[in-house]
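Me: I'm new to this one, could you walk me through it?
Reply: Gladly, let's look at it together.

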Amino acid sequence: KHLWLKAFYVDQWMVGYARASISTFVEDPTAVSFDWITPSHRTKYMADPFLVEGARLRIYCEYFDYWRGIGEIVEAREENSFSITDRSTLIGDGTHFSYPFIWSDRDGLVIIPENNVSGKITAYEISAGDSSAVSARHEIIGRGRFTDPTLLFHNGMYWCFATSEEETSSQDLYLFFSETLFGPYQSHPRNPVISDIRSARPAG
């Protein structure tokens, strides 16, 4: 029975959005109405959404294809009813991408996705004139397979948290720091800063 279900059924995740504050949702979930973005085919799903506000909403997320066995980072735009087309792919090279962490400041928009099979963490600058185009890429951490890279700016330093997939999955949280967004990043002397599968992974 299990094999039969696996052959004919797949998990299909979708991304939903609502124009409401988190506090409103927590106080009364039934008062918030969600709109759902449906994948173009049942062999695909969407996950790990990041929202960018502006004149029009943009959602960056993982778009996974079961037939290919990989995910790509896509952009869904409000003006296009958040539909996903062949032109929506922003980051993809034939390997698996997910978790498009968004960093936005006065200098522009940067996406730092998970791509642990590459053995590095790369930051992608998004073109100021075209939000669906990558203008530059920077290898910020190039030593190890990491999931869910998450950035924080604190006390004048950039801190990047990521879970190692080298020996154990989702158990060891590593921390890297740099004076500039694109590095070079140094490994924290107490790495791994957390070794606990219950709390080490920033997402997922």
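Reply: What follows goes through a surface patch and then some strands.

Me: Before that, what kind of model is it?
Reply: This is a predicted model, in which local features need pLDDT of at least 70 and side-chain atom pairs count only at pLDDT 80 or more, while totals for chains, interfaces and linings use all residues. Residues are numbered from 1 along each chain as its sequence is written, and side-chain values use heavy atoms, with hydrogens and water left out.

Me: Which residues form the nonpolar patch on the surface?
Reply: The patch is formed by Met14, Ile22, Phe25, Val26, Phe34 and Trp36.

Me: Where does its largest share come from?
Reply: Three residues, the largest share, come from helix α2 (residues 22-27).

Me: And methionine 14, where is that?
Reply: Methionine 14 is placed in the loop between α1 (2-8) and β1 (15-17). It counts as partly exposed because its relative accessibility is 38%, where buried means under 20% relative accessible area, exposed over 50% and partly exposed in between (1.4 Å probe, protein chains only).

Me: Switching to strand β8, how many of its residues are buried?
Reply: Six of the seven residues in strand β8 (residues 108-114) are buried, leaving the strand mostly covered.

Me: Which way does it pair with β7?
Reply: Strand β7 (residues 98-105) and β8 pair in the antiparallel sense over six bridges, pairing being counted if DSSP finds at least two bridges between two strands. Isoleucine 102 has isoleucine 111 in β8 as its bridge partner, and a hairpin with two residues joins β7 to β8.

Me: What about β9?
Reply: Strand β9 (residues 121-126) pairs with β8 in the antiparallel sense over three bridges, and leucine 109 has isoleucine 126 in β9 as its bridge partner.

Key. Patches are made of residues with over 30% relative accessible area and no salt bridge: like charges are joined within 9 Å, nonpolar side chains (Val, Leu, Ile, Met, Phe, Trp, Tyr) within 5 Å. Accessible areas come from the Shrake-Rupley method with a 1.4 Å probe; for residues, only the protein chains shown count as cover. A salt bridge is a side-chain nitrogen of Lys or Arg within 4 Å of a carboxyl oxygen of Asp or Glu. Helices (H or I, at least four residues) and strands (E, at least two) are DSSP runs, numbered from the N terminus.
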